[in-house]
Amino acid sequence: MSSSNQTRRSFLTHSGTSFASLALAAMLHKDGYSSQESAWSPPNGKPHFAPKAKSVIWLFMNGGVSHMESFDPKPLLTKYGGKTIAETPFADAQDPKKLAIERLVVPDGNGNQRNELFPLQVGFKKHGESGIEVSDWFPHTAANVDKLAIVRSMWTTDSNHGAQVQFHSGRHANDGIYPTLGAWVDYGLGSLNENLPQFISVGTRPYWNNRDGSYLGPKHDAVPLRIDPKNPLDFSKPESPFSPAAKQRGFDLVHELNSLRGENYPNDPALAARIASYELAFRMQSAVPDVVNFSEETAETQALYGLDNPACKSFGQQLLAARRFVERGVRFIQIQHGGGGAGAWDAHGKLKSNHEKNSLAVDQPIGGLLTDLDRRGMLNDTMVVFATEFGRTPGSQGADGRDHHIFGFSVWMAGGGIKGGVVHGATDEIGFHAVENRHYVTDIHATILKQLGLDSHKLEVPGRKRLEIDHGKAIDEIIA
């Protein structure tokens with residue numbers, strides 16, 4: 001030790017540090033890191049295995065659709081309407097052990113259990129060869145029921161509207177900001193059309209969820225688009241006319257200035273994203289107006305989406321544009337209906353008039369989209385998802401509303417290798433708890449990623465280890 005100028009104390013200190021490093025390395029290796037992390041490389045834009053789908057049209061209903069008045073009929077609610085849950089054979093629905101999945105009740109008067117059962121506010125009929133019952137508020141969707149896989153056994157953990165973020169990212173807003181599903185798809189797969197963004201957001205976003213990329217970087221944020229044939233892009237037209245040559249000179253100057261800045265900050269992801277966004281925006285000035293030029297569509301197709309119906313014209317334009325974007329190679333189109341604040345479907349009162357109005361706005365366009373994709377052969381590799389943050393309580397809130405409900409609700413999926421005409425999972429007799437084949441929201445994510453040929457575990461970023469529940473498990477029972 002004297003020859004190497006080490007004291008006993010320094011030797012023990014060094015040894016202790018080495019042993020601690022070995023222990024840390026072993027722990028990291030157990031978690032899937034260690035030396036492998038140094039060899040990590042970002043995705044190469046190719047799927048991890050053969051995909052069955054190329055694109056996703058994600059339809060999200062903000063506010064919480066009542067599963068019992070849409071895709072999961074519960075006639076016993078009508079039979080026992082006006083009685084408390086304790087007065088029915090289903091008193092165990094409020095067993096504290098069954099309610100323990102809720103993490104945090106926000107003291108705002110909402111997200112509470114409602115004890116007096118509220119009768120169904122709409123009728124149901126069986127449709128298609130499958131004979132699946134669908135609410136009379138969704139006749140056009142019901143006409144396509146043999147294309148749908150309805151999952152009636154969803155659950156989540158938080159009963160306030162931060163669950164809107166939770167359904168998109170798997171994490172509630174109280175957990176912080178995490179990448180959304182669309183950002184993961186954009187991160188994992190390469191571009192199919194360099195003139196259009198691969199991840200598009202349409203409709204009003206929740207005010208707490210405007211950045212999809214999170215730690216994946218700003219280049220994986222959704223590009224917001226307004227589906228207005230007369231004005232699809234903000235600032236896309238200068239106040240004064242410019243020749244194409246003048247536009248190109250201006251673009252070249254901005255590119256040169258950004259490149260000079262990039263030499264000083266070569267590893268700045270915000271700068272790189274800004275340069276890429278400017279270049280994409282320049283190309284989009286001609287590509288996007290072409291997509292939303294519906295004059296190219298026949299009158300029959302426009303009517304199919306409800307463009308001749310004021311009640312659903314706006315949503316119909318969004319879904320027709322979604323089909324046209326998919327035709328041109330856009331990967332993920334996220335369409336929010338009734339966004340902003342709590343959300344349009346948040347029927348704490350007057351549920352019947354609320355859901356009648358909202359379903360009228362979305363049902364015909366959704367039915368039109370499914371029909372149009374199918375007849376064009378596009379449903380084979382395009383996934384359509386109908387989702388919402390949670391359901392609504394079997395019990396009444398006030399005289400004629402339903403509260404937020406996390407313990408059981410419904411979503412459906414179609415296309416891209418998903419079975420059609422099937423129901424998966426179930427809630428109990430009054431629609432309170434998911435009791436059969438229960439699925440947390442990220443199981444929907446895992447199913448979509450599997451159909452796109454992506455393994456979410458291989459997309460992880462070093463230093464950003466995800467919980468297993470964040471990855472979810474694909475619902476193999478609904479995959480063809």
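In the predicted model, a salt bridge joins the side chains of Arg324 and Glu297, at 2.6 Å from N to O; a salt bridge is taken as a side-chain nitrogen of Lys or Arg within 4 Å of a carboxyl oxygen of Asp or Glu. Arg324 belongs to helix H10 and Glu297 to the loop between helix H8 (269–291) and H9, so the pair ties together parts that are 27 residues apart in sequence. Helices (H or I, at least four residues) and strands (E, at least two) are DSSP runs, numbered from the N terminus. Because the model is predicted, local features need pLDDT of at least 70 and side-chain atom pairs count only at pLDDT 80 or more, whereas totals for chains, interfaces and linings use all residues. Residues are numbered from 1 along each chain as its sequence is written, and side-chain values use heavy atoms, with hydrogens and water left out.

Arg324 and Glu297 are both buried, where buried means under 20% relative accessible area, exposed over 50% and partly exposed in between (1.4 Å probe, protein chains only). Glu297 has a relative accessibility of 9%. Glu297 also forms a salt bridge with Arg376 (3.5 Å, N to O). This second pair links distant parts of the chain, with Arg376 in the loop between helix H11 (351–375) and S8, 79 residues from Glu297. Arg376 is partly exposed, at 36% relative accessibility. Through shared partners, salt bridges join Asp290, Glu296, Glu297, Glu300, Arg323, Arg324, Glu327, Arg328, Asp372, Arg375 and Arg376 into one network. The structure holds 26 salt bridges. Another of them connects Lys74 and Asp72, with the closest N and O atoms 3.6 Å apart; Lys74 is buried at 10% relative accessible area, and Asp72 is buried at 2%.

Helix H10 covers residues 313–327 and reaches 21 Å from its first C-alpha to its last, close to the 21 Å expected at 1.5 Å a residue; the expected span is 1.5 Å times one less than the number of residues. Of the 15 residues of H10, 12 are buried, among them Phe315, Leu319, Arg323, Arg324 and Phe325. Gly329, which follows H10, has a positive phi near 100°.

Phe325 is also one of the residues with the most contacts inside the largest nonpolar core, together with Ile57, Leu59, Ile335, Ile366 and Trp412. This core has 67 residues, a nonpolar core being a set of buried Ala, Val, Leu, Ile, Met, Phe, Trp, Tyr and Cys residues joined through side-chain atoms within 4.5 Å. Apart from neighbours within four places in sequence, Leu59 is in contact (heavy atoms within 4.5 Å) with Phe315, Leu319, Ile335, Ile366, Val384, Val385, Phe386 and Ala387. A second, separate core of 39 residues includes Trp155, Leu189, Phe332 and Leu452.

A search of the whole structure finds 14 aromatic pairs. Rings of Phe, Tyr and Trp (its six-membered ring) pair if their centres lie within 6.5 Å; planes under 30 degrees apart count as stacked, over 60 as edge-to-face and the rest as tilted. The ring centres of Phe71 and Phe386 are 5.6 Å apart and the planes are at 75°, so the pair is edge-to-face. Phe71, in the loop between strand S1 (55–61) and helix H2 (75–79), and Phe386, in strand S8 (residues 382–388), are 315 residues apart. Phe71 is buried at 2% relative accessibility, and Phe386 is buried at 3%. One aromatic cluster is formed by Trp58, Phe60, Phe167, Phe199, Phe332 and Phe409.
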